Amino acid sequence: MQGQSQQQAYDRGITIFSPDGRLYQVEYAREAVKRGTASVGIRTPDGVVLAADRQVSSSLMEPSSVEKIHKADNHVGIASAGHVADARQLVDLARRRAQGEQLRYGQTIGVETLTRAVTDHIQEYTQTGGARPFGVALLVGGIDDGEPRLFETDPSGTDYEWQAAAIGSNRNEIQEFLEENYRPDADLESGIELALRALGAADDEPVDAENVDLATIDTDDETFQTVSQERLESIVAEIDQPDAEESDE
Amino acid sequence: MQGQSQQQAYDRGITIFSPDGRLYQVEYAREAVKRGTASVGIRTPDGVVLAADRQVSSSLMEPSSVEKIHKADNHVGIASAGHVADARQLVDLARRRAQGEQLRYGQTIGVETLTRAVTDHIQEYTQTGGARPFGVALLVGGIDDGEPRLFETDPSGTDYEWQAAAIGSNRNEIQEFLEENYRPDADLESGIELALRALGAADDEPVDAENVDLATIDTDDETFQTVSQERLESIVAEIDQPDAEESDE
Amino acid sequence: MQGQSQQQAYDRGITIFSPDGRLYQVEYAREAVKRGTASVGIRTPDGVVLAADRQVSSSLMEPSSVEKIHKADNHVGIASAGHVADARQLVDLARRRAQGEQLRYGQTIGVETLTRAVTDHIQEYTQTGGARPFGVALLVGGIDDGEPRLFETDPSGTDYEWQAAAIGSNRNEIQEFLEENYRPDADLESGIELALRALGAADDEPVDAENVDLATIDTDDETFQTVSQERLESIVAEIDQPDAEESDE
Amino acid sequence: MQGQSQQQAYDRGITIFSPDGRLYQVEYAREAVKRGTASVGIRTPDGVVLAADRQVSSSLMEPSSVEKIHKADNHVGIASAGHVADARQLVDLARRRAQGEQLRYGQTIGVETLTRAVTDHIQEYTQTGGARPFGVALLVGGIDDGEPRLFETDPSGTDYEWQAAAIGSNRNEIQEFLEENYRPDADLESGIELALRALGAADDEPVDAENVDLATIDTDDETFQTVSQERLESIVAEIDQPDAEESDE
Amino acid sequence: MQGQSQQQAYDRGITIFSPDGRLYQVEYAREAVKRGTASVGIRTPDGVVLAADRQVSSSLMEPSSVEKIHKADNHVGIASAGHVADARQLVDLARRRAQGEQLRYGQTIGVETLTRAVTDHIQEYTQTGGARPFGVALLVGGIDDGEPRLFETDPSGTDYEWQAAAIGSNRNEIQEFLEENYRPDADLESGIELALRALGAADDEPVDAENVDLATIDTDDETFQTVSQERLESIVAEIDQPDAEESDE
Amino acid sequence: MQGQSQQQAYDRGITIFSPDGRLYQVEYAREAVKRGTASVGIRTPDGVVLAADRQVSSSLMEPSSVEKIHKADNHVGIASAGHVADARQLVDLARRRAQGEQLRYGQTIGVETLTRAVTDHIQEYTQTGGARPFGVALLVGGIDDGEPRLFETDPSGTDYEWQAAAIGSNRNEIQEFLEENYRPDADLESGIELALRALGAADDEPVDAENVDLATIDTDDETFQTVSQERLESIVAEIDQPDAEESDE
Amino acid sequence: MQGQSQQQAYDRGITIFSPDGRLYQVEYAREAVKRGTASVGIRTPDGVVLAADRQVSSSLMEPSSVEKIHKADNHVGIASAGHVADARQLVDLARRRAQGEQLRYGQTIGVETLTRAVTDHIQEYTQTGGARPFGVALLVGGIDDGEPRLFETDPSGTDYEWQAAAIGSNRNEIQEFLEENYRPDADLESGIELALRALGAADDEPVDAENVDLATIDTDDETFQTVSQERLESIVAEIDQPDAEESDE
């Protein structure tokens with residue numbers, strides 16, 4: 001009780017430090033991320049894979065409108081987990097920033113530069129009063145000078161670069177799965193498979209292709225491309241017969 | 001009690017995160033939506049149907065002044081549920097945005113683009129201090145390049161696309177009814193019938209045509225049209241004899 | 001007690017939602033309206049009648065200075081109930097808006113358009129921090145293209161159109177009286193009588209003409225006109241002998 | 001106790017509504033008015049009389065510096081009760097407004113128009129946050145087109161027109177005295193006498209001329225004029241022998 | 001206890017009214033004045049005397065730097081009591097105002113006009129949020145058209161005109177002493193003596209000339225002049241032999 | 001307990017008055033000054049000495065970076081005690097102000113004028129909301145028209161002029177030492193000695209020259225000069241043999 | 001308990017003083033620094049060494065993205081400890097400031113000047129309301145006119161110059177290790193060794209080269225240079241055989 005009432009004293013109003021140097025509002029925003037369905041990113045030499053679990057609450061809802069994977073620029077995709085409307089704000093910021101780079105300097109924005117623009121914006125909302133932090137984490141994947149890159153942004157405004165990463169619900173379980181199964185030299189197709197298997201890892205059962213949003217950014221053509229539902233289904237079907245498949249490979 | 005007093009600590013003042021990552025003010029705004037009478041939207045190949053239950057508190061009140069269905073542009077209608085005055089602000093925003101598109105670019109605004117303009121505005125009110133969220137949900141229906149579209153906006157600033165959706169009072173019961181009875185290939189007339197039956201679904205008795213506001217946006221002429229009280233009454237009358245009617249069809 | 005202290009948590013500071021989706025400051029503003037003396041509006045084919053009960057606290061006070069009926073434009077009148085100084089702000093807004101329409105577009109403002117300008121202003125004060133809602137309800141009556149119109153604005157910023165309506169103290173009793181006695185085809189004179197009888201309805205005794213402020217907006221000449229004290233007294237006198245009068249009519 | 005702690009919840013910070021629709025800060029400002037010494041205004045056909053009780057706390061204080069009656073324009077005077085420094089702000093506002101009218105339109109401002117400018121300013125301080133209401137009531141007396149007028153402004157921003165009115169300490173007793181003794185057809189001299197007797201009414205003993213500030217605005221010459229201490233003393237002396245005097249008159 | 005906790009509820013944050021119509025922050029600012037050493041002002045036909053008790057906390061402090069008497073303009077002096085840094089702000093305001101009058105209109109500012117500029121500024125800080133009241137009282141002395149004038153400003157923004165007045169510590173005792181000993185027709189020299197004796201009155205022992213700051217504004221030459229330490233000492237010496245002196249005079 | 005909880009009520013949020021007229025935030029800022037190591041200033045006819053005790057927390061820290069004595073202009077030095085970063089802001093303000101005077105008017109700024117610019121800035125932070133007071137005291141020493149001057153600024157924005165003064169930790173003990181040992185006619189060298197002995201006075205043992213920052217502003221050349229570590233050491237060495245030295249002198 | 005609840009009263013909302021003159025929010029920000037992994041800086045005649053411990057939470061995270069050492073300008077590096085996103089803001093500020101100096105004045109910015117620009121920015125966030133302090137400490141190392149310099153900034157906005165310093169987790173232990181082992185005349189290679197040994201000092205075991213980020217700014221070429229992972233590994237290997245190595249040296 002004592003501990004609880006002390007904590008409450010530092011986690012309201014504007015974002016301020018607690019006696020042990022924590023920013024509770026930022027930590028609570030991380031909880032908002034965990035309340036969202038999972039997204040994963042996989043970096044392969046051939047390109048980056050972004051995949052997201054989307055929960056559709058009704059059979060009458062258009063699955064495509066439950067946005068989890070967004071195209072930020074021709075060569076950059078963003079997967080999100082957490083507060084949907086917050087994610088849209090950050091994706092819009094990324095798009096404007098990418099277009100601005102094109103317009104002002106006539107060049108494609110770097111994936112790392114773009115990620116920083118987003119995390120600077122997120123940080124500001126954790127320090128200045130009168131607003132709450134963004135309740136969303138992003139995976140930003142794309143191609144920088146022929147190199148596939150994959151970044152994560154968190155609600156504190158920190159960014160990390162990953163070979164493979166998970167955000168959102170069951171993050172720990174999925175990340176553990178990725179650590180055990182990721183092979184840096186896998187091709188894009190294997191990356192897609194890994195992503196799909198990772199999304200199902202927490203439940204210990206295959207993911208339902210209908211509930212998955214998946215896109216790739218290919219290293220060669222540097223282009224964001226959504227993977228069709230049909231192809232996802234056929235890949236998931238193969239995953240379901242892992243013994244046969246894996247021995248084939 | 002403990003739980004209650006903890007919750008209270010995070011749901012006042014500006015919109016901030018609770019320890020479990022929730023935005024209570026947004027969730028309370030959703031309660032304001034549930035306090036409003038129901039609205040439904042039905043997408044058919046021939047057009048979109050928007051229908052709303054309106055409660056008239058006195059026989060001397062002009063039913064038409066209890067606004068639930070609004071024309072946002074020639075080809076877009078909006079049904080609302082929740083705080084009436086808030087709805088009017090968002091409808092006005094949508095109208096100005098549609099007119100602006102026409103004036104600046106000489107073109108009709110897309111239904112999805114228009115919905116996003118509205119949800120961006122809603123999201124801002126959930127993050128920046130000094131204001132409360134909008135206590136209203138909207139159904140935005142219209143025609144995009146010959147395709148009927150139906151979107152929902154919620155108080156968090158999220159939008160969803162639907163084949164058929166309900167907002168407001170008894171949402172769950174009505175949505176369930178829609179899931180059981182919606183046929184994607186039904187014509188507009190059947191859509192109107194379905195909408196009327198859906199509005200009555202929660203009470204298990206036919207809706208009173210006098211208390212209904214209904215409009216369609218036809219796929220062919222892309223035009224918002226209010227359905228007259230007379231026609232509504234004749235349709236409701238047919239619904240009341242479902243056995244005969246349904247066998248005819 | 002528990003319920004009470006919970007309620008108190010949501011009704012202070014800026015206007016925010018309570019857990020059940022209510023805006024307490026707006027509901028309290030409605031109580032401010034109930035604390036004001038009653039006003040009624042009657043729409044007849046021949047014009048609109050606005051009447052108000054005004055309580056004069058001292059025999060030395062000029063009754064005319066207890067403003068309850070205001071001329072907003074040549075063809076529009078406004079009756080108010082609630083916080084007097086707030087009413088004056090809204091009436092002034094309406095006047096400026098009507099004059100602006102005349103100056104900018106050279107045309108008379110519509111009664112509905114004018115009402116909306118007022119309710120938009122009221123709504124803003126319920127959503128943005130740093131101010132309280134307006135503690136007043138208005139009845140806006142006037143002629144639109146030869147059609148008599150009667151609108152009500154409430155402290156949430158909602159407007160309703162009425163055939164006959166009451167606001168302020170004893171609203172429910174008076175509205176019930178109107179529902180029982182209103183005839184849509186009555187002439188203006190009968191409308192005035194009904195208004196006067198309605199104001200006395202809650203007390204079950206005839207209203208005192210001295211305490212009434214009454215004006216009409218005639219459909220033909222579209223002009224706001226205050227009814228003189230003498231005429232009011234003669235009408236009240238006739239009402240006091242209802243049997244004789246009503247059989248005459 | 002319960003009632004008390006509930007009340008306290010609504011009367012702090014910015015001016016907001018209590019559950020029963022009251023604005024406590026405005027009501028407390030009215031208490032500030034009652035803490036001030038009384039002022040009275042009397043309207044006669046020959047002009048308006050403004051008189052004020054001024055308490056001088058030390059024999060070394062210049063009585064003239066305890067301002068209770070102010071000249072706002074040639075034809076308008078203002079008597080105040082309550083917070084002295086607040087009164088000065090409103091009187092200055094009235095003066096600037098009167099001068100502005102003269103400069104911009106080359107005409108004398110109406111007494112009612114001037115009063116409204118003041119009450120609009122007062123109202124604003126009761127609705128917008130970040131300031132407290134004005135703790136002062138005013139009596140504004142003057143000549144409008146040859147007609148003597150007398151208005152009161154209260155801390156809510158409401159104005160009333162009076163034949164004779166009292167504000168400040170013992171308001172109720174003095175107003176009652178005025179209601180019993182006011183004669184609408186009395187001449188200015190009688191008005192002065194009535195004002196002086198009214199100020200003494202609460203104490204049931206003659207007022208001390210030294211503690212009175214009194215001015216008239218004559219209907220004929222429309223000019224604000226302070227009545228000299230000598231003349232006040234002689235009038236008070238006459239009042240002290242009421243039997244003789246009144247029979248003379 | 002009950003009373004105490006109620007009081008506390010109204011005296012924090014911005015300056016607001018208590019239920020009995022008081023402004024506690026202003027009353028507390030008056031306490032800040034009482035915490036300062038005393039100042040007195042004496043008006044004589046020959047000029048105004050301003051004198052102040054200054055407590056020098058160390059023998060190494062320059063007494064002249066403990067500012068209590070300030071020259072505001074050639075013909076105006078200001079004595080202060082209370083918060084020293086606040087006093088300096090108001091004195092600077094007065095100086096800028098006096099210079100502005102000279103620059104803009106080429107004329108010397110009136111003592112009353114100058115005092116009002118200061119009290120208007122003080123009042124503003126008692127009504128608008130985001131600042132505390134000024135914790136200082138001033139005595140403003142000077143010559144207006146050959147007439148000596150002496151004003152007091154208090155933390156509410158009220159001004160009073162005096163023949164002789166005291167502010168600060170032991171105000172009541174010193175004012176009482178002045179009431180008993182002030183003679184309106186005394187010459188400037190007697191005024192200086194009275195001021196010095198008044199400062200010592202509360203302690204019932206002669207004031208120490210070293211701890212006194214004293215200046216005069218002469219009616220003839222209308223010039224602020226500090227009285228030298230030597231002269232003060234010789235006057236105090238004379239006061240110490242009151243019997244001899246007073247009989248001489 | 002009672003006293004304590006009452007005090008707490010007035011010392012938070014913006015700087016406001018307590019019921020006894022105190023500004024707690026300013027008093028707490030004075031405590032921040034006491035938490036800083038001591039500084040002393042000595043005025044001699046030959047110039048001003050500023051000396052400061054600086055505590056170096058590690059043998060690897062550059063002592064010069066523990067700033068306690070700052071050059072504000074050629075002829076003005078500032079010693080500080082309290083919050084180091086706050087001191088730097090005020091010193092920067094003083095520097096900009098001195099440069100501005102040079103640029104705008106082509107003249108050297110007066111020491112008193114410069115001090116006032118600083119205290120005006122400090123005062124503003126004690127009255128206007130949204131910021132805390134400065135937690136630092138300064139000793140401003142310099143030459144005004146050939147006259148050595150020494151001022152102190154405190155967190156309330158008050159300034160005092162001194163012959164010799166101490167600020168910061170052990171202020172009372174050091175000031176007492178100065179009062180006993182200061183000779184107004186001592187030469188600069190003796191002033192330096194006195195400053196060094198004063199800094200050691202509270203501990204009753206000689207100060208360590210390594211921990212002292214010392215500068216002089218000479219009356220003749222009006223130039224700020226830091227005294228070298230070597231010279232300080234040799235002076236301290238002489239102080240340590242006080243009997244021999246003092247008899248020599 | 002008593003002490004605790006008192007402390008809590010002063011450490012929330014904007015940064016204000018506690019009764020003992022402390023700024024709790026700043027002290028809590030220092031705790032945020034301690035929560036970050038350690039960084040050390042070593043100044044040698046040949047250049048400055050900056051080294052940082054970086055904890056990589058997953059084998060799939062790119063270690064290079066856990067930024068602890070940043071290049072601010074060609075000749076300046078910055079190591080950080082604490083809140084990562086805050087550090088990036090300050091590093092960006094330093095970069096813009098360095099570029100601005102180059103653009104405006106065509107010259108390289110001084111290391112001390114650059115550090116001050118950063119600490120001024122940090123201080124502002126500790127005094128003005130509406131924001132929290134920066135939760136980060138920096139070590140700024142570089143070459144000023146051929147001289148190696150090493151500064152520390154802390155969350156209060158204070159800067160210190162060091163020969164060798166540690167920030168972040170285990171600061172005290174590491175600083176102690178540095179004090180015992182630092183030799184001012186060591187060459188750059190020895191500085192790198194000392195930095196690596198210091199980072200491992202708290203755990204009493206050699207640091208893992210993989211978890212270290214290390215850069216040098218050479219005195220001769222005044223250029224920031226990251227030390228490669230290979231070279232770090234070979235140096236750590238030598239450190240692990242200290243007896244052999246140290247006797248060689």
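**A helix in chain E**

Modeller: Let's start with helix α6 of chain E, residues 188-201: its 14 residues, at 1.5 Å a residue, should span 20 Å, and the end C-alpha atoms do lie 20 Å apart, so the two agree. (The expected span is 1.5 Å times one less than the number of residues; helices are DSSP runs of H or I with at least four residues, strands runs of E with at least two, numbered from the N terminus.) Keep in mind that this is a predicted model, where local features need pLDDT of at least 70, side-chain atom pairs count only at pLDDT 80 or more, and totals for chains, interfaces and linings use all residues. Residues are numbered from 1 along each chain as its sequence is written, chains are lettered from A and ligands numbered from 1 in the order written, and side-chain values use heavy atoms, leaving out hydrogens and water.

Now, how covered is α6(E)? Mostly: 12 of its 14 residues are buried, where buried means under 20% relative accessible area, exposed over 50% and partly exposed in between, with a 1.4 Å probe and protein chains only. Among the buried ones are E:L188, E:I192, E:E193, E:L196 and E:A201. As for what sits over them, the cover includes strands β1 (39-44), β2 (47-53) and β9 (212-218), plus helices α5 (171-181) and α7 (229-240), from chain E; contact here means heavy atoms within 4.5 Å.

Of the contacts in chain A with a separation of 6 or more, 63% join residues 24 or more positions apart.
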